[in-house]
Amino acid sequence: MRHFLDLKDWSSDEIMDLLNRAVDLKQEHASGGNEPVLAGKTLGMIFQKPSLRTRVSFDVGMNQLGGYAVMISPNEIQLGTRESIPDVARVLSGYVDAIMARVFAHNHLRQLAQFASVPVVNGLSDASHPCQALADMLTIYEEFGEISGLRIAYVGDGNNVAASLMIAAAKLGASFAIATPAAYGLPSNVWENAVAESAGRPVNIKKYRTAAEAVQDAHVIYTDTWVSMGQEDQRDEKLEHFHDFQVNDELVSHARSDTIVMHCLPAHRGEEITDSVADSDQSAIFLQAHNRLHAQKALLVELMTQ
């Protein structure tokens, strides 16, 4: 039985297989609908954090594949407080065929996976967001026809999205450049994992002092909100440190003419990204949001038809 907690646990070939399956499922759906390969299957969805893309894409994805999704809100379960995580895992394993959990603490996912007898999917944690990175790589793959040899530049907060994106880039042969304020870089263990994954590949993983340096020759410019859920009390402090890391027209001009701009959403327009960039012809923001559906369908088929 496989879980999907972090991309570092999946090989490069396995990730590419998921991306190719996502392409096939996307084309199949556009041609008249997906085969009901998950008929009779149920996905339990645990939410500690609110969601638009994660909630709808998993729910609709299960429906398009012939299955069913059950949403469990924070008030219904109170994971780890009203009921212990091991007990929740054991109970849900008797009802559903897989569990997707969107949580704060990554350790909650590890506990769910330890005690569940069905696959567990990381819908987001404070440490990583592998489903988002899977959709991001699908988007890049569609836009450029390849991933290996490209240069991805991330500008902004060294958060869970940046961590998963860097691991994905290293595994799939893309160089990764990141520019963050000094106090908001990625944890050392993420760097160590990415460097280990890139060994033997012509991949350059590097941090930069300025955003303009990071985006030089970039095929992809990526950013995310500066103030993630649960960090609202840090808002004023972060805005003070991040003003030089906005993705705007001037910054995009330092990259390649065919660069695409990505953002995992929700966006705080006028802060980390301007309207003129988010709504430009170079923006792939809504394509990547839509690709959450197709990438996750590929993942669900892989995990639920073993």
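1. Buried is taken as under 20% relative accessible area, exposed as over 50% and partly exposed as in between, with a 1.4 Å probe and protein chains only. Strands (E, at least two residues) and helices (H or I, at least four) are DSSP runs, numbered from the N terminus. Because five of the five residues of strand 6 (residues 175-179) are buried, this strand is largely enclosed by the rest of the structure.

2. This is a predicted model, in which local features need pLDDT of at least 70 and side-chain atom pairs count only at pLDDT 80 or more, while totals for chains, interfaces and linings use all residues. Residues are numbered from 1 along each chain as its sequence is written, and side-chain values use heavy atoms, with hydrogens and water left out.

3. Both faces of strand 6 are covered, with Ser175, Ala177 and Ala179 buried on one side and Phe176 and Ile178 buried on the other. Strand 5 (residues 151-155) runs parallel to strand 6 and is joined to it by five bridges, and arginine 151 stands opposite serine 175.

4. An open sheet is formed by four strands in the order 2-1-3-4, with parallel pairing; two strands pair if DSSP finds at least two bridges between them. The edge strands, each pairing on one side only, are strand 2 (68-72) and strand 4 (120-124). Within the sheet, five bridges join strand 1 (residues 42-47) to strand 3 (residues 98-102), where phenylalanine 47 has arginine 102 as its bridge partner.
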